[in-house]
Amino acid sequence: MQETHKVYELGFHLVPTLSDDALSTDWAAIKALVEAQGGTFISEQFPQPFTLAYELSKTEKGVKRTFDRSFFGWVKFELDASKADELHTQIESRSDVLRFVIVKTVKENTLHGDPEKKERDAKKAEEEKSQENVEAKVEELATS
């Protein structure tokens, strides 16, 4: 990674009224905006249907529309830090975007969680299964 490059993640909600073809086209257009600024992709997720926790509104051409669903997608990329503001402005101007956020992050995948917790949970599950087996065997012997 070049010294002036930072790792960013762009998360966005698109209007739920997009057809499958329009969704694909808009996804490609958002990625093209990142590429046009010199961004290189690390990982991504194609927008998926998403039920919102609260309604979001979007005013376009003087008409306010309210949505309780969206298509949520994200892309992680490297970009020269000086280009981040321009990318923000371009995403903000898109009529298909309900809401978005661009955050600085790290290149590594951070979704894996605490490996020690996973170990503890696996051990606990194994102990519970062992206890269930003992209880089942006791029940079986008691009813024989």
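Trainee: Which residues gather in a patch of negative charge on the surface?
Mentor: This is a predicted model, with local features needing pLDDT of at least 70 and side-chain atom pairs pLDDT 80 or more, while totals for chains, interfaces and linings use all residues. Residues are numbered from 1 along each chain, and side-chain values use heavy atoms, without hydrogens or water. Patch members have over 30% relative accessible area and no salt bridge, like charges being joined within 9 Å and nonpolar side chains within 5 Å. The negative patch on the surface consists of E126, E127, E128, E132 and E135.

Trainee: Is E135 buried, partly exposed or exposed?
Mentor: E135 sits in helix α3, residues 115-143 (a DSSP run of H or I, at least four residues; strands are E, at least two). Buried means under 20% relative accessible area and exposed over 50%, with a 1.4 Å probe. E135 has 46% relative accessibility, so the residue counts as partly exposed.

Trainee: How many salt bridges are there?
Mentor: A salt bridge needs a side-chain nitrogen of Lys or Arg within 4 Å of a carboxyl oxygen of Asp or Glu. R69 and D68 form one, at 3.9 Å. By this rule, the count is six.

Trainee: How many residues apart are D26 and R94?
Mentor: Their side chains meet in a salt bridge, 3.8 Å from N to O. D26 lies in helix α1 (residues 20-36) and R94 in the loop between α2 (84-92) and β4 (97-104), so the pair links parts of the chain that are distant: 68 residues apart.

Trainee: Which residues are linked with R94 in a network of salt bridges?
Mentor: R94 also meets D96, at 2.9 Å from N to O. Both R94 and D96 are buried, and D26 is buried too. R94's partners in the network are D26 and D96.

Methods. Accessible areas come from the Shrake-Rupley method with a 1.4 Å probe; for residues, only the protein chains shown count as cover. Lys and Arg count as positive and Asp and Glu as negative; His and the chain ends are not counted. The place of a charge is taken as NZ of Lys, CZ of Arg, CG of Asp or CD of Glu.
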